[in-house]
Amino acid sequence: MTDAQVIRHRQLDEEDELDADYPDEYHVLGEAPVQLDKSFASAIIVDNLPVVGKEKFDKLLGVVTKIYSQIPGGAIVEVFMPTDEKGQTKGYAFVEFSTVEAARNAVQQTNGYKLDRAHIFRVNFFEDFQVYDKVTDAFQPIEMPAYKPKENLWWWLIEEPGQARDQYALRYSDMTEIFWNEGKKKAETHFRKKDMTETYVTWSPHGTYLGTFHRQGVILWGTEKWDKVMRFQHPGVKLLDFSPRENYLVTFSTQLAQNDNPKDPQGVIIWDVHTGLKKRGFVGSKEMTWPTFKWSHDEKYFARLSADTISVYETPSMQLLDKKSFKLPGVKDFQWSPSNNVIACYIPGQELGDKPARVMLIEIPSRNVLRSHNLFKVISAGDYLCVKVERKATKKTTTTGFELYRMREKDVPLEAVDVKGKVEAFAWEPKGDRFAVIHSTEERGSRNDISFYTTKGPETHVITTNYHLPTGGKVALLKVLEKRQANHVFWSPKGHLAVLAGFGPGGNGLLEFYNVDDLESMRTDQHSMASELQWDPSGRFVATSSTYWAHPQSDNGYVIWSFHGKRLANATKDKFFQFLWRPRPPTLLSKEKQRDIEKNLRQYAVKYRKQDLARRKVAWEAFVAKRRQERDAWHTSRQQRAAERDAEKAARAKLRGGVTSDDEEIWDEVEEEVEELLEEEVEVIDY
C-alpha cells in the first residue's frame, strides 16, 4: 500500500468513527445524515515524474501544480508527491480536483505530456489502480462480442477492375449531391441529401470524409451509405482544416473567439479525427489568417506565425517544440517543405535603407539553419525551393527574378532567373521538374506572356529578350507563349499537361489546354463567367465552374472537360455554390512498380481497352434487352386490348342498332347545331 493510500485509509477510519457519533436529532427530525463522498473519481495519478531531492522538491511541485491548474472544468484540491525516508520523490504524484470532469480532462490532455526528453507523463485515474488491485488470480475467460466488421471508408476505390471512376460533390440551393464521373452528359447520381450542411462542404485530403457545418459543430460523413462517422461539438464553427494525413481536424469558431479565455481557449480547437477527442485549444481571433496552422508532410509537427515569431508544436502531445518558439524579427511568411521537415522563412527588407530581405531554411527538430540568403516570397516543391525576388531598377520600373534552391544537393546551391515585367502567377509541375511563369509588361497591355522552364536543362548559357541565365546553370527556358489572355496556370496532378485560364474581367473564362511535353496547344474554348478550375485526381478530366458567391446575378453552373479540351458535360443550377472533386489517397505502389507501369503503359492500355470494350458491350446488350422487353410488353398490351375489343363487339353492335361493322368509313358524319334558350331577362329603360 502506498503512502497516499495509508493517508486516505487513515482519514476514512476517522470519518467512520464520526459517523457513529451523529446525534439522534437527525432521526428525530426525519432527516438522513449527510453522506460524505468517499470515492476517488476526481483523483488522478501522474507517473514518470523526475526523481528529485529536497532541494528541488518545491520547484517540481510548483511545475506540476502549474500544469494542472490550467485544466478546465474544476480547481485543484491537492497535489501530493510521496517521498522516501531521505526526502527524495518517488517519481509520481497524486492530484485531486474539485470535480470529476476536471479529472477526466486532465487524463485526456496530459497523458503523454512531454515535460522534457526523458520524462513523458503517464496519467491514470486513481480508481483504476483500485480495480487492478482487485483482480483475482483465478483465470476468468472473457466473453468476446461477436465480430462486427467496420465499414470501409475507402469503398469508392474498390470498383470492378479497370473502372476507376472518380466522384464529385455539388452544393447548390439547399441540396448536396454526389455523382460518379464517367465523362458522359448525364452523370450517375450516387447520393443526394437536403439540408446536409448549413453553409458549405469540404473533402478531407485523402477523400475519406466529407465535412459539413452546423450550428453546434462539424459532422464528418463517410461509408457507402454516407453515415455520420464522427461529430465535433464546437458551437459557431465557420472554418475547418485537416492535417495532411487526416489524423487531426482544426476548427475555428467566430462565436467562441469573441471572448476567448487564454486559460481555457475555445476559439481554435485541434481534434483527434478517430476518437473525436479534443487535443488542444488555442486562442482565436477574427483577424487571423486561415489555415492558422501549417503542417509538416508527416504530421509530426505543425506551426503558426505570430508577431516576429514562428511557433512549432509536436504531435501527439500538441506541446511547443523544446518549450520555446523561433524568434525571427520581421518574419512575414513561412512554408513547410512538401517532403522534408524543413521550414522556409521569409523576412522582408526595407525599401528605403540598406537592410536586404532574407530567406532562411531551418531544419526541424534540430533547429539547424541549412542556409540563410539575403535578397531583395516563397514557392516550394519537394526537391526545389523557388523564391520570388523583386528589385526596383528605377523609380518606375521593377525587375522580377526567381532564385531556385536545390534542396537535395549538398550545401543547397541556388540559381537565378531574371524576368522583365510583373509576375502574375507561378506554378510548379506536380510530378516533374518544370515550372510555369505568367508575366506582363506595359507593352503587352491586358495580355500576358507564359514561360515554361525546366530545372534539368543543358548546362549552357541561355540569353533571350526577357530572360537571362548564368553560365553553367541547369535551369533552361523551354518556350514562351506570347500575348495570351490568361492569368492562371493549372497543372494536371500527374504533370505533363496544363490549362491556361483567363478568369476575371480581363479573361472572361478563356481556356487553353496545353501539352507541355510536346509544347503545343491542344484546344482553346471558353466558359463565360467561370471563376474556378479543378483537375480530377486522375488527370483525365477538368471541371470549371461559375458560382453564386462570385456572380450572384448570373446563371451559374459547371462544365466538365476532357484533358485535351473537349466539352463532355455541363449543367446549370439555381444558387450553385460548389463543385468539388473527391480526392484520392496516395498510391500504395512503390516507385519501382510505378516506373514499371509507366514503362509498360502500352500493354496496360491494351488490357484496359479490352475491359472498356467489354463493359460497353455489356451495357449495350443490357440496353438492347431493355428495349426488347419494352417492345414485347407493348405487343402483349396490344394483344390484350384487341381481345377486349373483340369481346365487346356484340355490345357495340347493339348500341349501333344492330350494325356489326366497326369500319368507320361506311358511316356518314353529320354535324348539327342546336340552339337552346337558357335565360331571358327584360329590362325597362326610362327615356
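Over how many bridges do strand S7 and strand S8 pair, and in which sense? Strand S7 (residues 166–172) and strand S8 (residues 175–181) pair in the antiparallel sense over 7 bridges, where two strands pair if DSSP finds at least two bridges between them.

## Basis of the model

This is a predicted model, in which local features need pLDDT of at least 70 and side-chain atom pairs count only at pLDDT 80 or more, while totals for chains, interfaces and linings use all residues. Residues are numbered from 1 along each chain as its sequence is written, and side-chain values use heavy atoms, with hydrogens and water left out.

## The chain as a whole

The chain contains 9 helices and 43 strands, both taken as DSSP runs numbered from the N terminus (helices H or I of at least four residues, strands E of at least two). Of its 687 residues, 39% count as buried; buried means under 20% relative accessible area, exposed means over 50%, and partly exposed lies in between, with a 1.4 Å probe and protein chains only. The accessible surface comes to about 42000 Å², and 50% of that surface belongs to carbon and sulfur atoms (Shrake-Rupley method with a 1.4 Å probe; for residues, only the protein chains shown count as cover).

## Two open sheets

Strands S7 and S8 belong to an open sheet of 4 strands with the order S9-S8-S7-S43 and antiparallel pairing. Strand S9 (188–194) and strand S43 (576–581) stand at the edges with a single partner strand each, so one side of each is left without a neighbour in the sheet. The twist in this sheet averages 15 degrees from one strand to the next, with axes taken as lines fitted to C-alpha atoms (for helices over the stretch in contact) and angles running from 0 to 180 degrees between N-to-C directions.

Strand S37 (residues 510–515) pairs with S38 in the antiparallel sense over 6 bridges, and Leu 510 stands opposite Gln 526 in S38. In the loop between strand S36 (497–502) and S37 lies Phe 503, which is buried, with a relative accessible area of 9%. The C-alpha atoms of Phe 503 and His 527 are separated by 9.5 Å, although the two residues are 24 residues apart along the chain.

## Strand S12 and its partners

All of strand S12 (residues 217–222) is buried, 6 of its 6 residues, so this strand is largely enclosed by the rest of the structure. Strand S11 (residues 210–214) pairs with S12 in the antiparallel sense over 5 bridges, a hairpin joins the two strands through 2 residues, and the bridge partner of Thr 212 is Ile 219 in S12.

S12 also runs antiparallel to strand S13 (residues 227–233), to which 6 bridges join it, and Gly 222 has Asp 227 in S13 as its bridge partner. The hairpin of S12 and S13 has 4 residues between the strands, and Thr 223 there takes a positive phi near 65 degrees. Trp 226, in the loop between S12 and S13, has a positive phi of about 55 degrees although it is not a glycine, and this residue is buried, with a relative accessible area of 3%.

## Backbone features in other loops

Asp 195, in the loop between S9 and strand S10 (201–203), has a phi near 55 degrees, a positive value in a residue other than glycine. Asp 195 is exposed, with a relative accessible area of 51%.

The peptide bond from Thr 315 to Pro 316 is cis, with omega near 5 degrees, and Pro 316 lies in the loop between S20 and strand S21 (326–327). The peptide bond from Ile 364 to Pro 365 is likewise cis, with omega near 10 degrees, and Pro 365 is placed in the loop between strand S24 (357–363) and strand S25 (369–375).
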